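Have a look at the model first.

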Amino acid sequence: MKNDPKNSGKILSMGFGFVEYDNMKNAKNALKAMQGYMLDGRSLQLKFSNRGLDMVQRKRKEDEITKKKKDSTKNYCVAFETTKKRVERII
């Protein structure tokens, strides 16, 4: 969220959020199930966050995490001008 520069006192949605899962399997299942879901007349576009790493670094890190069985991943969804409550209802 951020302040609306055109309307003092009002807040604008940044259009994205993050969801963290306890393992990769659950994250992939959620992404598959919710991709394209219509929320308030807008289609959700889900992607895995890359945290600024290139593909090779991500794969290496993912493999290390999987081996340690401490994997955690985040998905983010793009749903402009929706509330936290509405997203929580879906998840």
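Reading along the sequence, you get β-β-β-α-β-β-β-α-β-α, which comes to three helices and seven strands. Helices here are DSSP runs of H or I with at least four residues, strands are runs of E with at least two, and both are numbered from the N terminus.

This is a predicted model, in which local features need pLDDT of at least 70 and side-chain atom pairs count only at pLDDT 80 or more, while totals for chains, interfaces and linings use all residues. Residues are numbered from 1 along each chain as its sequence is written, and side-chain values use heavy atoms, with hydrogens and water left out.

On confidence, the chain averages a pLDDT (the predictor's confidence in each residue, from 0 to 100) of 76, and 66% of the residues score at least 70.

Now the chain as a whole. Of its 91 residues, 23% are buried; that means under 20% relative accessible area, with exposed being over 50% and partly exposed in between (1.4 Å probe, protein chains only). The chain exposes about 7400 Å², 52% of it from carbon and sulfur atoms, by the Shrake-Rupley method with a 1.4 Å probe. Taking contacts (heavy atoms within 4.5 Å) with a separation of 6 or more, 64% are between residues 24 or more positions apart.

Which residues make the nonpolar surface patch of about 320 Å²? They are Met 14, Phe 16 and Phe 18. Patch residues have over 30% relative accessible area and no salt bridge, and nonpolar side chains are joined within 5 Å. A salt bridge would be a side-chain nitrogen of Lys or Arg within 4 Å of a carboxyl oxygen of Asp or Glu. Phe 18 sits in strand β3 (residues 17-21).

The structure also holds one aromatic pair. The ring centres of Phe 16 and Phe 18 are 5.9 Å apart with planes at 85 degrees, so the pair is edge-to-face. For reference, rings pair with centres within 6.5 Å; planes under 30 degrees apart are stacked, over 60 edge-to-face, and the rest tilted.

| Residue | Relative accessible area |
|---|---|
| Ser 13 | 24% |
| Asp 40 | 46% |
| Phe 16 | 47% |

Ser 13 is in the loop between β2 (11-12) and β3, and its C-alpha atom is 8.9 Å from that of Asn 3, 10 residues away along the chain. Asp 40 lies in the loop between β4 (38-39) and β5 (42-43). Asp 40 has a positive phi of about 50 degrees without being a glycine. Most residues other than glycine have a negative phi.

Definitions and conventions. Patches are made of residues with over 30% relative accessible area and no salt bridge: like charges are joined within 9 Å, nonpolar side chains (Val, Leu, Ile, Met, Phe, Trp, Tyr) within 5 Å. Rings of Phe, Tyr and Trp (its six-membered ring) pair if their centres lie within 6.5 Å; planes under 30 degrees apart count as stacked, over 60 as edge-to-face and the rest as tilted.
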